[in-house]
Amino acid sequence: MTRASGLLLTALLAGTGAVSMPVGAVAAPAASPAIAYDAAWIRLPPPAAQVAAGYIQLHNAGADDRLVGASCRDFAQVQIHAMRMDGEVMRMHALPDGLALAAGTSVALQPGGYHLMLMTPKRPLQDGQVVRVRLQFERAGTLPVDFVVRNVAAASGGTR
Ligand SMILES: [Cu+2]
């Protein structure tokens, strides 16, 4: 019984080998990109606004890394911003060294906190539009991400 299934398994494996599966191609996904993400969206800004905020959850399954920059064809510039209290007022500021993403951790860019600041749109954004942003990581390199523009009232997120 055991021997029979063993033989069957051997036959199956041999069969797989016979069709010459590209073993390298199958093994590749195991070395999946170190950076995973979800919930990538851009808040639809008011008409004629010169900035828009982008949010995303980043998960680093690899070694210590850092989000060092971002770019987007639809905007003149993309910065990485943080929020901080300045007296009684919450203000945002650019992170010149980017955002650390330690090994095995997740970082949320979300309303009221870290965000991508998309500056000087080349054309107005529309609700539901998909905007591709290229995130630049120190170690993991470039990660293209599709952000969905969503018409969400600012009050619900508390950015202001
Ligand atoms: Cu900002």
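Reader: What makes β2 and β8 a pair, and in which sense do they run?

Author: Two strands pair if DSSP finds at least two bridges between them. Strand β2 and strand β8 (residues 115-121) have four bridges, so by the definition they pair, and the sense is antiparallel. One of the bridge partners is Leu-116 in β8, which faces Gly-54. This is a predicted model, in which local features need pLDDT of at least 70 and side-chain atom pairs count only at pLDDT 80 or more, while totals for chains, interfaces and linings use all residues. Residues are numbered from 1 along each chain as its sequence is written.

Reader: What is called a strand here, and how many strands and helices are there?

Author: Strands (E, at least two residues) and helices (H or I, at least four) are DSSP runs, numbered from the N terminus. The protein has ten strands and three helices. In order from the N terminus, the elements are α-α-β-β-β-β-β-β-β-β-β-β-α.

Reader: Which bridges join β2 to β1 and to β7?

Author: Six bridges join strand β1 (residues 35-43) to β2, in antiparallel fashion. Ile-35 has Asn-60 of β2 as its bridge partner. Strand β7 (residues 106-109) is joined to β2 by four bridges, also antiparallel. There, His-59 is bridged to Ser-106.

Reader: Why is β2 called largely enclosed?

Author: A residue is buried if 20 or more other C-beta atoms lie within 10 Å of its own, exposed if 12 or fewer, and partly exposed in between, with C-beta atoms placed from the backbone. Seven of the ten residues of β2 (residues 51-60) are buried, so the strand is largely enclosed by the rest of the structure. For the protein, 19% of the 160 residues count as buried.

Reader: Why is Met-117 called partly exposed rather than buried?

Author: Met-117, in strand β8, has 18 C-beta neighbours inside 10 Å. Buried needs 20 or more and exposed 12 or fewer, so Met-117 is partly exposed. Two residues are in contact if their C-beta atoms, placed from the backbone, lie within 7 Å. Not counting residues up to four places away in sequence, Met-117 touches Val-51, Ala-53, Val-78, Gln-79 and His-81.

Reader: Why is Ala-48 called exposed, while Ala-39 is partly exposed?

Author: Ala-48 has 7 C-beta neighbours inside 10 Å, so it counts as exposed. Ala-39 has 13, so it counts as partly exposed. Ala-48 is in the loop between β1 and β2, whereas Ala-39 is in strand β1. Phi is positive in each case, about 75 degrees for Ala-48 and near 55 degrees for Ala-39.

Reader: What is called a nonpolar core, and how many residues has the largest one?

Author: A nonpolar core is a set of buried Ala, Val, Leu, Ile, Met, Phe, Trp, Tyr and Cys residues joined through C-beta atoms within 7 Å. The largest has 25 residues, and those with the most contacts inside it include Ile-42, Leu-116 and Leu-118. β2 gives the most to this core, with five residues.
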